[in-house]
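Take a look at the model below. This report walks through its strands, its aromatic rings and its sulfur link.

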Amino acid sequence: MKKVILWAFALLLASFQAANAELSIDITGARSEPMATGLPAFSAGGKGARDMGDKIARVIESDLESSGLFRILDSMAYLQTFKGIGDAPVFVDWQAIKAEALIQGHVDYISDRQIRVSIRLWDVYAAQEMYSATLEIDNKGWRRAAHMIADAVYKRITGEEGYFDTRIVYIAETGSPLKRIKRLAIMDQDGENHQFLTDGLNLVLTPRFSPNMQQITYLSFYKDTPRVYLFDIETGKQQVVGDFPGMTFAPRFSPDGHKLVMSMAENGNTDIYELNLDTRAVRQLTRSPAIETSPSYSPDGKKIVFNSDRSGAQQLYVMDANGKNVKRISFGKGRYATPVWSPRGDYIAFTKMAGGKFYIGVMFPDGRGERLVAEGYLVEAPTWSPNGRILMYFRQEPPNRYGIPGATKIYAVDITGYNERRLITPVDASDPAWSPLLSNR
Amino acid sequence: MGLRQSFFMRLRHYPFLFKTVQRAFDHLPIVMSVSLHALVIILLTCDFVSSKKSDVVSVPMFVVDLSKVKVADITNLPPKLLKTEGKKNPSPRTVRTSAYSRAASKETRPASSSASKSNGARLENELNSLLKNVTAKKTEKPAPASNSIKSSASNGADDPFKTLLASVDGIKTGMGYADEQTADINPDEAVTDGIEGGQGGSYMQELSVSEKDMIGIKLRECWNLDAGVRGAQNMLIEIRVFLGTDGKVRDVKILDKSRYNKDAAFRSVAESARRAVYICDKKNDESPFRIFPKNYEQAYDTWKTLLLRFNPLDGGVM
């Protein structure tokens with residue numbers, strides 16, 4: 001009897017639900033195009049402010065467009081000009097030119113040296129303000145102000161941290177192929193504010209930022225012995241890290257900045273070691289007769305990805321930060337090297353060598369979902385933007401017919417594999433490393 | 001009694017069946033009661049039977065039938081004719097038109113109505129005043145004739161039959177009358193009074209699969225999503241869209257507000273989906289929502305809100 005009642009009740013519920021179901025429609029998939037954005041001239045309090053506003057707007061435009069996610073609409077098409085930050089947008093005018101977002105800005109001089117920049121970001125179709133902010137900054141820092149505004153817009157639209165207010169450290173290469181001079185150099189992520197950090201007397205390789213951006217760790221050949229060094233950006237001082245019996249290389253900071261993980265070669269065997277920067281204590285993490293190198297921490301500091309040829313060919317492995325639970329994650333054809341864990345934790349980037357070509361690729365930390373995002377005669381050494389969206393690496397062109405090696409250049413590509421672009425550097429460039437977001441320091 | 005006995009006698013040869021049937025008979029009153037109640041509730045919720053009868057608007061149709069006046073060709077004007085004639089009006093409504101003319105014939109008016117034009121104008125006023133009094137009701141079929149007569153009589157008409165004849169005369173003089181009404185009626189008012197309340201979901205045929213697909217494809221074309229948003233492939237964005245009777249978007253609501261406020265990536269994808277709805281809506285005749293007033297205008301109740309479920313699965317490369 002109970003069953004009968006239950007059945008009747010279930011039937012009743014089902015019919016009730018069916019009768020009241022709202023008409024629903026599924027939309028699966030979307031197109032993925034840069035977001036059409038209006039960026040009209042910033043309004044300004046005075047002529048000097050107007051020039052400043054133009055400069056800032058151009059940097060914002062360049063930043064956003066370089067991400068591949070925004071397309072700044074041609075200003076000739078704009079139907080509205082803004083006279084002040086309080087002016088409300090005429091949304092139909094912006095809809096008419098198919099702008100999805102609108103950036104409105106205003107610049108004032110609040111003293112001889114101080115500027116105030118206000119911006120408002122609008123969702124043109126929903127007719128809503130998405131974000132507004134005011135920034136007061138030394139006028140010499142206008143470029144940073146522009147990067148910070150671009151970051152804010154990027155974050156509000158994409159939901160991810162921006163990466164425009166960042167710097168790149170890399171190896172600047174000059175001289176003939178036989179007598180190559182490699183110097184440490186640093187610049188803004190858009191190539192501006194370039195400067196050399198070392199004099200080029202000693203060969204330097206694989207620079208890496210510390211999480212607080214105070215230091216850079218790198219490999220330098222001093223008296224023909226490769227050693228890991230620390231370079232203090234503010235003081236310009238450099239020092240050898242630890243006193244190791246063998247060659248040390250491929251250093252990288254832990255996410256908390258208190259440890260370094262690196263490789264050491266001794267008696268023909270290479271293993272991974274961890275150095276505590278506070279206590280200078282050293283711990284050996286791998287113990288294998290094979291070559292283990294290129295260690296990189298996961299963003300939570302609990303795992304390390306590295307490459308090893310213990311299976312016969314170079315493959316990627318993941319282990320706990322204490323060296324336990326080693327698991328192989330790459331099983332594709334070819335060799336895998338220079339793994340780097342994404343700052344957002346979802347991917348591991350790597351260099352792959354297969355069929356006489358080099359590739360930059362990404363895979364999930366468990367080895368699934370391998371995807372190649374760049375290929376070439378030589379592409380190598382991926383580094384992540386701090387938000388985990390962009391990969392930067394260097395590319396070397398094939399040698400010319402006289403056997404002279406091709407130029408090396410830095411490129412960046414979105415992890416979707418789209419929007420590859422070259423970063424302009426004054427000289428040949430290799431081994432880039434992306435800093436964390438400056439404003440998060 | 002005899003029948004029942006012989007039934008049981010036969011069942012005795014099948015002990016299991018016999019026991020089951022006997023048990024069922026033991027609980028017969030409860031079983032009957034539960035199933036009947038359930039049946040009534042199901043029928044009510046599914047709108048098979050309306051608990052609210054007698055839509056005043058539909059009453060006069062039967063008055064017309066009862067009288068020997070030949071009005072069938074007017075009141076049963078094929079929907080197509082009315083639609084094309086009412087083209088100027090973005091949403092001509094055939095049911096509304098016939099309801100209006102029915103209501104018109106029901107309305108009490110002076111018997112003499114010579115000029116059809118002035119008659120039409122007065123009719124319209126009267127219709128409007130009448131429709132304002134019509135309460136929102138859902139009916140599936142017209143009310144029985146007996147009811148209609150009663151209700152029209154109790155409406156305080158002096159001589160409903162005569163006025164009906166008069167109005168029908170007016171109609172007969174010009175076939176364009178019904179169409180003229182269609183064109184003149186304010187669609188919003190008509191929908192509020194006539195369709196939203198009166199005709200409701202009963203006229204809604206099931207949206208065909210191809211129509212649903214078409215809407216989905218059009219929205220997909222309007223949806224511009226940053227393919228690299230973290231976790232986008234696992235997101236399902238539910239959005240409720242509020243449509244006007246003309247199929248234009250009145251409002252858009254993202255449903256999971258708590259996640260919208262907490263999760264920046266979700267907010268980004270949800271906002272892109274909301275933008276897609278607005279962008280599609282701005283395409284006017286190409287808007288995916290325009291199919292509703294076009295093909296299902298009487299069923300506004302069923303499409304005035306839509307639940308859109310956006311899934312980036314195919315679009316994102318992640």
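## Ground rules

Two strands pair if DSSP finds at least two bridges between them. Helices (H or I, at least four residues) and strands (E, at least two) are DSSP runs, numbered from the N terminus.

This is a predicted model, in which local features need pLDDT of at least 70 and side-chain atom pairs count only at pLDDT 80 or more, while totals for chains, interfaces and linings use all residues. Residues are numbered from 1 along each chain as its sequence is written, chains are lettered from A and ligands numbered from 1 in the order in which they are written, and side-chain values use heavy atoms, with hydrogens and water left out.

## Two open sheets in chain A

Start with strand E16 (residues 259-266) and strand E17 (residues 269-276) of chain A. They run antiparallel, and eight bridges join them. In E17(A), A:Asn276 is the bridge partner of A:Lys259. Both strands belong to an open sheet of four strands, in the order E15-E16-E17-E18 (chain A), with antiparallel pairing. Strand E15 (247-253) and strand E18 (282-284) of chain A are its edge strands: each pairs on one side only. From one strand to the next, the twist averages 30 degrees. Such angles run from 0 to 180 degrees between N-to-C directions, with axes as lines fitted to C-alpha atoms, for helices over the stretch in contact.

Another open sheet has four strands in the order E10-E9-E8-E31 (chain A), and its pairing is antiparallel. Its edge strands are strand E10 (195-196) and strand E31 (428-434) of chain A. Strand E8 (residues 167-174) and strand E9 (residues 181-188) of chain A pair in the antiparallel sense over eight bridges. The bridge partner of A:Ile171 in E9(A) is A:Leu184. What holds strands together in a sheet? They pair through backbone hydrogen bonds, either parallel or antiparallel.

## A buried glycine

A:Gly38 lies in strand E2 (residues 35-38) of chain A. Is A:Gly38 buried or exposed? A:Gly38 counts as buried because its relative accessibility is 0%. Buried means under 20% relative accessible area, exposed over 50%, and partly exposed in between (1.4 Å probe, protein chains only).

The C-alpha atoms of A:Gly38 and A:Ile72 are separated by 5.9 Å, though the two are 34 residues apart along the chain. Leaving out residues up to four places away in sequence, A:Gly38 touches several others, including A:Leu73, A:Tyr78 and A:Trp94. Contact means heavy atoms within 4.5 Å.

## Rings in chain A

Rings of Phe, Tyr and Trp (its six-membered ring) pair if their centres lie within 6.5 Å; planes under 30 degrees apart count as stacked, over 60 as edge-to-face and the rest as tilted. Over all chains, the structure holds 16 aromatic pairs. A:Phe82 and A:Trp94 are stacked, because their ring centres are 6.3 Å apart and their planes are at 10 degrees. A:Phe82 lies in the loop between strand E4 (70-72) and helix H3 (91-96) of chain A, and A:Trp94 in helix H3, so the pair ties together parts that are 12 residues apart in sequence. A:Phe82 is buried at 8% relative accessibility, and A:Trp94 is buried at 0%.

A:Tyr218 and A:Tyr229 are also stacked, at 5.9 Å centre to centre and 15 degrees between the planes. A:Tyr218 lies in strand E12 (residues 215-222) and A:Tyr229 in strand E13 (residues 225-232) of chain A, so this pair ties together parts that are 11 residues apart in sequence. Ring pairs also link A:Phe70, A:Tyr154, A:Tyr163, A:Phe164 and A:Trp434 into a cluster.

## The disulfide of chain B

A disulfide is a pair of cysteine sulfur atoms within 2.5 Å. By this rule, the count is one over all chains. It joins B:Cys222 to B:Cys280, with 2.1 Å from S to S. The link is right-handed, with 95 degrees about the S-S bond. B:Cys222 lies in helix H13 (residues 209-222) and B:Cys280 in helix H15 (residues 264-281) of chain B, so the pair ties together parts that are 58 residues apart in sequence. B:Cys222 and B:Cys280 are both buried.
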